[in-house]
2 protein chains.
Amino acid sequence: MASGKLLYAQSGGVTAVINTSAAAVIDTARRHKVKVYAARNGIIGALREDLIDTSRESASAIRALAHTPGGAFGSCRFKLKSLDADRAHYERLIDVLRAHDIRYLLYNGGNDSADTSLKIAQVSRELGYELACIGVPKTVDNDLAVTDCCPGFGSVAKYTAVSVLEASLDVASMAQSSTKVFVMEVMGRHAGWIAAAAGLAQRHPDDAPHVILFPERPFDQADFLARVKATVARVGWCTVVVSEGVKHPDGRFLAEAGSRDSFGHAQLGGAGATIAEMVKRELKLKVHWALPDYLQRSARHIASKTDHEHAWAVGARAVELALDGHVGRMPVIKRLSDAPYRWKIEVADLTKVANREKMLPKSYLTRDGYGITAACRRYLEPLIRGEAPPPFAGDGLPTYVTLKNAAVARKLPDYAI
Amino acid sequence: MASGKLLYAQSGGVTAVINTSAAAVIDTARRHKVKVYAARNGIIGALREDLIDTSRESASAIRALAHTPGGAFGSCRFKLKSLDADRAHYERLIDVLRAHDIRYLLYNGGNDSADTSLKIAQVSRELGYELACIGVPKTVDNDLAVTDCCPGFGSVAKYTAVSVLEASLDVASMAQSSTKVFVMEVMGRHAGWIAAAAGLAQRHPDDAPHVILFPERPFDQADFLARVKATVARVGWCTVVVSEGVKHPDGRFLAEAGSRDSFGHAQLGGAGATIAEMVKRELKLKVHWALPDYLQRSARHIASKTDHEHAWAVGARAVELALDGHVGRMPVIKRLSDAPYRWKIEVADLTKVANREKMLPKSYLTRDGYGITAACRRYLEPLIRGEAPPPFAGDGLPTYVTLKNAAVARKLPDYAI
């Protein structure tokens with residue numbers, strides 16, 4: 001493998017700890033005297049030759065990066081299509097890499113990114129350009145194949161469980177004369193991993209959450225309402241966690257219920273609003289509902305220490321794999337035991353990861369479909385364990401870093417995408 | 001003043017630190033060898049003679065209470081009317097207190113509770129029942145008169161500022177190809193204190209939040225949309241914080257925009273959904289929105305240390321005032337200086353607090369009405385300063401306590417309310 005530079009790119013929705021992986025990449029590469037460029041706004045920046053020179057960032061900035069949420073170099077939702085359809089893009093990418101003597105490409109993303117990494121590796125081989133192309137796993141959805149869990153998920157899981165626990169203490173205090181049902185919508189369009197994590201808040205029977213609605217289970221309105229009604233009668237109040245991806249038996253998303261404002265415009269909103277409205281209308285109970293939206297995946301202040309450690313480890317290992325000349329690989333998390341929780345990094349072929357989705361196993365849902373099993377809890381609990389709070393400044397806010405993100409001088413003509 | 005027991009009651013919406021005041025009350029009373037009862041579900045429990053014997057709780061449970069959100073004994077939204085209208089209730093209250101030799105009543109709430117405390121004090125005097133009736137300030141809305149700030153507000157303020165900071169880092173990372181406008185709805189039906197606290201996240205010009213919508217300012221749709229459009233053009237994205245109480249110039253709440261679902265039922269939701277839908281429809285920009293709802297006022301994990309200290313101090317001082325025979329008083333927070341932030345507890349007459357509302361001063365809003373001034377920042381910043389995280393258990397969740405809440409044996413006939 002020739003010496004050269006390393007390009008790091010973030011892809012897809014960001015997480016509370018994707019920058020932890022970025023910091024690990026930069027820190028590890030620096031130890032190996034390898035210069036790191038970052039693509040501004042992910043693959044879009046790579047195509048436009050809009051590159052960032054991370055060597056302009058101080059060591060302290062990179063340390064702060066490890067506890068800063070969001071994507072420090074910018075990420076994007078831009079999916080490269082097949083080699084046939086988008087060959088020009090792939091060839092342009094290789095041109096950009098060649099122009100800057102970039103010999104290592106680290107792509108930090110989910111399923112799509114694994115697929116893109118593979119295609120880039122294939123084109124570089126075809127064009128005779130020596131390139132170590134390595135995936136770095138990341139997604140709050142926890143739906144990546146092969147790896148035991150995905151960096152990013154543990155922190156959104158911890159945020160979700162803590163939030164359900166706290167808000168439910170509030171609801172319980174007031175239920176005698178105020179809100180009886182509290183609904184919280186969580187992310188997860190296809191897989192109910194985040195909804196399942198809410199179940200960790202339930203330490204004893206009749207603790208919240210009392211009902212979890214998973215995208216894996218078709219929604220049964222009558223059964224759901226009966227469950228809520230019975231819970232309010234027994235406990236005095238009820239907390240419902242609903243995944244944004246919950247569907248009717250006919251496959252339509254609950255969120256597509258067809259709400260319109262007074263002008264006839266379709267309403268934003270989603271599963272949480274729909275469930276809250278339904279409970280209010282059908283059971284005549286006072287309802288409150290919450291939609292944490294981006295708050296859940298950016299809540300670095302309540303990040304999981306386990307997740308933080310995973311994110312650092314995959315970033316550091318990805319650099320070592322690249323420098324060792326691996327192509328089309330991804331460092332993944334291998335669980336060695338649940339209790340005590342032990343894990344190590346293994347190396348997977350991207351072909352085993354790309355374009356697959358890891359769904360919630362059936363054995364993780366209770367028979368009635370409204371809760372999680374002991375097996376699910378054994379799997380999830382280590383992932384939210386430990387705290388890794390950012391340092392706070394004198395003004396009461398976390399000390400998140402904004403990088404200089406100095407541009408690398410361009411060498412190629414403009415390229416329109 | 002005769003010796004006797006102390007009754008503590010929580011009132012209205014709970015906060016992240018109302019239990020801190022409760023713990024301070026119990027801890028201080030124990031040091032003075034005074035037995036503390038708590039009213040189950042606030043004044044409702046006092047009327048029903050549904051009392052809790054806190055002497056059954058261990059010292060470690062009371063220590064844990066100090067970092068547990070929600071209202072540990074239950075709170076309620078039940079407003080006693082005037083002495084003429086509700087005299088029977090007031091007299092029943094005195095009967096209950098007399099039956100249990102309760103000589104100190106501590107009522108932990110907001111404006112309404114201050115008024116109720118005064119009326120109870122008046123009836124006890126009329127009936128010749130010696131009672132020290134003391135208010136303990138609490139409200140996330142920060143709208144209590146006389147006190148410089150309200151315990152409960154500093155923590156929701158910190159949660160709000162941190163959440164806006166974090167979610168905006170997420171939005172900034174993705175804006176190139178995804179969400180351009182992020183909307184977050186915060187509590188505050190009449191006064192924009194919580195919305196103002198979001199402004200603390202803005203450390204530099206063009207930092208988020210770019211637009212804050214206060215209930216104090218009539219909403220101007222055209223001007224607002226122009227502001228959002230210009231921000232997206234200049235910064236690349238825009239974060240909007242909207243108070244639930246924002247109103248149209250004609251006084252209607254924005255949340256009453258008349259949204260209906262496909263069955264013609266009025267939609268739940270509110271100002272956040274309305275603003276998000278408006279930006280999407282009028283500016284054709286990709287929008288996400290968040291509604292933290294109860295999460296914001298129960299987020300003990302990100303409580304402000306200043307707020308925690310205030311909450312403890314007013315609880316402890318209230319006991320001392322009661323034992324010293326004060327009637328119709330409330331310990332309040334007096335600010336001595338902004339920088340360094342210094343404060344002390346003073347004593348206010350409840351007549352000065354009851355039924356008043358402290359609005360956001362005009363000088364705290366920028367001339368355009370979309371941001372906070374330096375004066376506002378000087379006032380708010382000390383209130384979110386410092387962290388006071390709860391201890392976490394091995395399962396990754398905070399160790400919040402559930403009290404035994406053992407009932408005191410009843411001595412009186414049932415009373416219907």
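Copies are superposed by least squares on the C-alpha atoms of residues with pLDDT of at least 70 in both.

## Symmetry of the two chains

On that basis, chain A is brought onto chain B by a rotation of 180° with 0.0 Å of shift along its axis, at an RMSD of 0.0 Å. That is the relation of a two-fold axis. Leu291(A) has the C-alpha of chain A nearest the axis, at 2.4 Å from it.

The model is predicted: local features need pLDDT of at least 70, side-chain atom pairs count only at pLDDT 80 or more, and totals for chains, interfaces and linings use all residues. Residues are numbered from 1 along each chain as its sequence is written, while chains are lettered from A and ligands numbered from 1 in the order in which they are written.

## Overall form of chain A

Chain A has 13 helices and 11 strands; helices (H or I, at least four residues) and strands (E, at least two) are DSSP runs numbered from the N terminus. Along the principal axes, the C-alpha atoms of chain A fill a box of roughly 70 × 45 × 40 Å.

Of the 417 residues of chain A, 61% count as buried. A residue is buried if 20 or more other C-beta atoms lie within 10 Å of its own, exposed if 12 or fewer, and partly exposed in between, with C-beta atoms placed from the backbone. Among contacts in chain A between residues at least 6 apart in sequence, 76% join residues at least 24 apart; two residues are in contact if their C-beta atoms, placed from the backbone, lie within 7 Å.

## The parallel sheet

In chain A, four strands form an open sheet in the order 7-8-6-9, with parallel pairing. Strand 7 (211-213) and strand 9 (287-290) of chain A are the edge strands, each pairing on one side only. From one strand to the next, the twist averages 15°. Two strands pair if DSSP finds at least two bridges between them; strand 6 (residues 181-186) of chain A is joined to strand 9 of chain A by four bridges. Within chain A, Val181(A) stands opposite Val287(A) of strand 9.

Helix 6 (residues 153-174) of chain A lies across strand 6, strand 8 (238-243) and strand 9 of chain A, running at about 165° to strand 6 of chain A. Helix 8 (residues 221-235) of chain A also packs on the sheet, where it touches strand 6, strand 7 and strand 8 of chain A and makes about 150° with the direction of strand 8 of chain A. Axes are lines fitted to C-alpha atoms, for helices over the stretch in contact, and angles run from 0 to 180 degrees between N-to-C directions.

In chain B, three parallel bridges join strand 7 to strand 8 (residues 238-243). The bridge partner of Val211(B) in strand 8 of chain B is Val240(B). Helix 9 (residues 271-283) of chain B packs on the sheet, touching strand 6, strand 8 and strand 9 of chain B, and its direction makes about 160° with that of strand 6 of chain B.

## The antiparallel hairpin

Strand 10 (residues 329-337) and strand 11 (residues 342-349) of chain A pair in the antiparallel sense over eight bridges. A hairpin of four residues joins strand 10 of chain A to strand 11 of chain A. Ile333(A) has Ile345(A) as its bridge partner in strand 11 of chain A.

## The interface and its elements

The contact takes 74 residues from chain A and 73 residues from chain B. Helix 6, helix 9 (271-283), strand 9 and helix 10 of chain A each supply at least two residues of the side of chain A that touches chain B. The largest share of that side, 13 residues, comes from helix 6 of chain A. Because 99% of the interface residues of chain A are also interface residues in chain B, the copies meet through the same surface.

Gln296(A) lies in helix 10 (residues 294-298) of chain A. This residue counts as buried because it has 26 C-beta neighbours inside 10 Å. Not counting residues up to four places away in sequence, Gln296(A) touches Val156(A), Tyr159(A), Thr160(A), Val186(A) and Met187(A).
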